[in-house]
Structures are given as C-alpha cells and as structure tokens.
Amino acid sequence: MNSTKSSISTASVITDFKEITKMGLSISVVFSAIAGYFLGAETINLVTLTLLAFGGYFMVGASNAYNQIIERDLDALMDRTKNRPIPAGRMTVNTAFIIATSFTVLGLITLYIINPKTAMWGAISIFLYTSVYTPLKTKTSLAVFVGALPGAIPFMLGWVAARNDFGIEPGTLFAIQFFWQFPHFWAIGWFLFEDYKKGGFFMLPTGKPDKGTAVQIIMYSVWTVLASIIPVFGFTGDLKLSILGAVLVFLLGMIMLVYAFKLFKDRTAKTAKQLMLSSVFYITMLQIIYVADKFFR
C-alpha cells in the first residue's frame with residue numbers, strides 16, 4: 001500500500017513539474033533553437049547542441065513557471081488553467097518560485113558557456129515574457145505583440161549559439177517566427193475567447209472574434225509566408241533557401257492561408273482551432289525544410 005502511494009505521489013510530482021514548466025511547449029521551443037543551430041553551424045558540435053537544448057528548456061521552463069505564479073488567481077477562473085499545479089493547490093507558490101529561479105540561473109549559466117550573446121538573448125526573453133508580456137495580457141491586446149518578441153527568439157537563438165554573432169541571418173529567422181505568432185496566438189485567442197474573458201485577458205486585436213480580427217490574421221499570415229521565402233532571393237547572407245525549398249515553404253503557407261480565409265468566412269471556434277493546428281504544422285515543417293534544404297541542396 002505504501003509503495004503504491006509513493007508511486008502515485010512520485011507520478012503526481014512529475015506531472016506537476018511538467019505542467020509548471022509546460023514541457024510540451026518548452027520542447028517545441030527547444031526544437032526551434034536546435035533547428036536554428038543546424039542552420040548556423042558550419043560543423044555540428046554535440047556539446048554545444050546539448051547545452052543549447054538544456055539551456056533552452058531551462059529558460060522557457062522558468063518563464064512558464066514565473067507566468068503561472070503571477071497569473072495563479074486568474075488561472076483559477078478559467079477552465080483550461082484551473083487544474084494547473086498552483087491554482088489546484090498541488091504546488092505552493094514558494095515551490096514554483098524555487099523551480100523558476102533555479103531554472104533561470106541554470107539556463108543563464110548553460111547558455112553563457114556556449115557564448116555570452118546566447119545568454120543575453122535568453123535573459124531578454126525571460127524578462128520580456130514575465131515582466132512585460134504577462135502583466136499586459138489583462139490590460140491591452142498589444143500584449144500579443146510584446147509576447148511575440150520573446151517568442152521569436154528561439155529560432156534565431158540557435159544561430160547565435162552556432163556563430164556567436166547577430167546579423168541578417170538570425171534577424172531573418174527572428175522575423176519569420178515573429179510574424180508567425182500573430183495568426184497562431186490570435187487563433188488560440190479566438191477559440192478560447194470565452195474562457196480568456198473569464199480571466200480578463202485581451203488576446204484579440206479588435207477585442208472580439210470578428211471580421212476585423214480575421215483580416216489581421218490574414219495579413220500576418222501573408223507576412224509570415226513572405227518573410228519565410230526571402231532567403232531564396234539571396235539577400236540574407238549565409239542563410240539560403242533553394243527554389244525547391246521556397247516552393248515547399250510557399251505551399252505550406254497556402255495551407256495556413258486557406259484556413260485564415262476560412263476563418264474570415266465562417267468565424268467559428270472550430271475553424272480557429274484548425275488554423276491554430278495548421279500554424280503549428282507550418283512552423284514545424286518550415287524548420288525541417290530549412291534544415292534539410294541546407295544539408296541536401
């Protein structure tokens with residue numbers, strides 16, 4: 001009986017740890033950073049790659065933990081967040097703070113070992129996410145714009161880790177992921193509109209799921225696709241994309257745009273969720289195509 005209770009308790013602790021650091025989201029961010037590293041690396045250094053993976057997870061996990069500490073009372077009001085460790089009472093604020101602080105220190109040290117610029121961008125990401133984006137979410141829809149800044153850092157962070165330099169190449173990677181976040185998060189804000197409203201969050205540009213929001217989603221989807229194919233024209237230094245790679249990325253973008261236009265037409269939560277899923281598919285496949293294009297063209 002005691003061993004059963006112990007195993008249940010251990011499983012619960014692990015589950016709560018995964019939730020407080022948002023493991024799924026953190027892993028997707030690490031994936032972006034690794035893709036950026038492969039694009040920037042002239043030779044693959046497994047030690048640097050490992051440090052980037054752990055450092056990236058620490059930084060994102062810290063941001064998520066701080067976010068849940070700050071928003072714990074609002075999380076308790078929303079269906080999608082009320083069972084998170086803190087509002088559900090399974091984890092104290094002090095425990096979450098220890099995790100967040102430990103992850104911040106470990107992340108900064110790990111990324112600094114790679115190079116100081118990588119650590120600097122990691123620190124900027126945590127600061128913007130926790131100190132600017134999180135407080136703004138209940139005040140203005142411009143919070144999404146602010147949140148897109150730290151959200152766009154991981155893809156370029158990998159390049160900086162590989163080259164110890166910031167130029168047109170990581171800037172382009174930053175732009176791609178920056179524009180992509182608007183249709184992605186507005187789609188989430190659309191199908192979770194009623195739940196977000198319970199917590200007093202302003203996620204949509206017009207304040208509601210209407211045609212105005214749908215038009216902006218279409219605009220940012222177009223800019224995302226345009227930013228994504230710029231490297232094919234040879235304007236982005238060592239960041240290059242073949243014609244085949246650009247065509248594949250463009251076709252991916254058309255899938256996302258189809259759902260953006262469908263949302264403009266239907267204006268339903270179901271279509272918004274389809275758009276969100278298509279945006280995740282887009283950014284994941286784009287990064288795979290970019291890396292494959294570099295090594296096989």
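The following legends describe close-up views of a predicted model.

Local features require pLDDT of at least 70 and side-chain atom pairs pLDDT 80 or more, whereas totals for chains, interfaces and linings use all residues. Residues are numbered from 1 along each chain as its sequence is written, and side-chain values use heavy atoms, with hydrogens and water left out.

**View 1. Packing of helix α9 against helix α13 (residues 269-296).** Helices (H or I, at least four residues) are DSSP runs, numbered from the N terminus. The two axes, which are lines fitted to C-alpha atoms over the stretch in contact, come within 7 Å and cross at roughly 160 degrees. Angles run from 0 to 180 degrees between N-to-C directions, and those over 145 degrees count as roughly antiparallel; α9 and α13 are therefore roughly antiparallel to each other. Their crossing is left-handed, meaning that the near helix is turned anticlockwise from the far one by less than a right angle. Contact denotes heavy atoms within 4.5 Å. Among the residues that meet are L173, I176, W180 and F191 in α9, and L275, M276, I283 and Y290 in α13. The residues of this contact comprise 17 nonpolar, four polar and one charged. Here Ala, Val, Leu, Ile, Met, Phe, Trp, Tyr, Cys and Pro count as nonpolar, Asp, Glu, Lys and Arg as charged, and the others, Gly among them, as polar.

**View 2. Packing of helix α3 (residues 46-70) against helix α5 (residues 93-114).** The axes lie 7 Å apart at an angle of about 150 degrees, and the helices are therefore roughly antiparallel to each other. α3 passes α5 in a left-handed crossing. The contact of α3 with α5 divides into 19 nonpolar, eight polar and no charged residues.

View 3. Apart from neighbours within four places in sequence, D195 is in contact with M78, D79 and R80.

**View 4. Buried residues of helix α7 (residues 143-151).** These are A143, V144, V146, G147, A148 and P150. They pack against α6 (116-136), α8 (153-163) and α9 (168-191).

**View 5. G234 in the loop between α11 (211-229) and α12 (243-266).** G234 counts as exposed (over 50% relative accessible area), because its relative accessibility is 56%. The C-alpha atoms of G234 and T130, 104 residues apart along the chain, are separated by 37 Å.

Notes. Buried means under 20% relative accessible area, exposed over 50%, partly exposed in between (1.4 Å probe, protein chains only). Helices (H or I, at least four residues) and strands (E, at least two) are DSSP runs, numbered from the N terminus. Angles under 35 degrees count as roughly parallel, over 145 as roughly antiparallel, 65 to 115 as roughly perpendicular and the rest as oblique.
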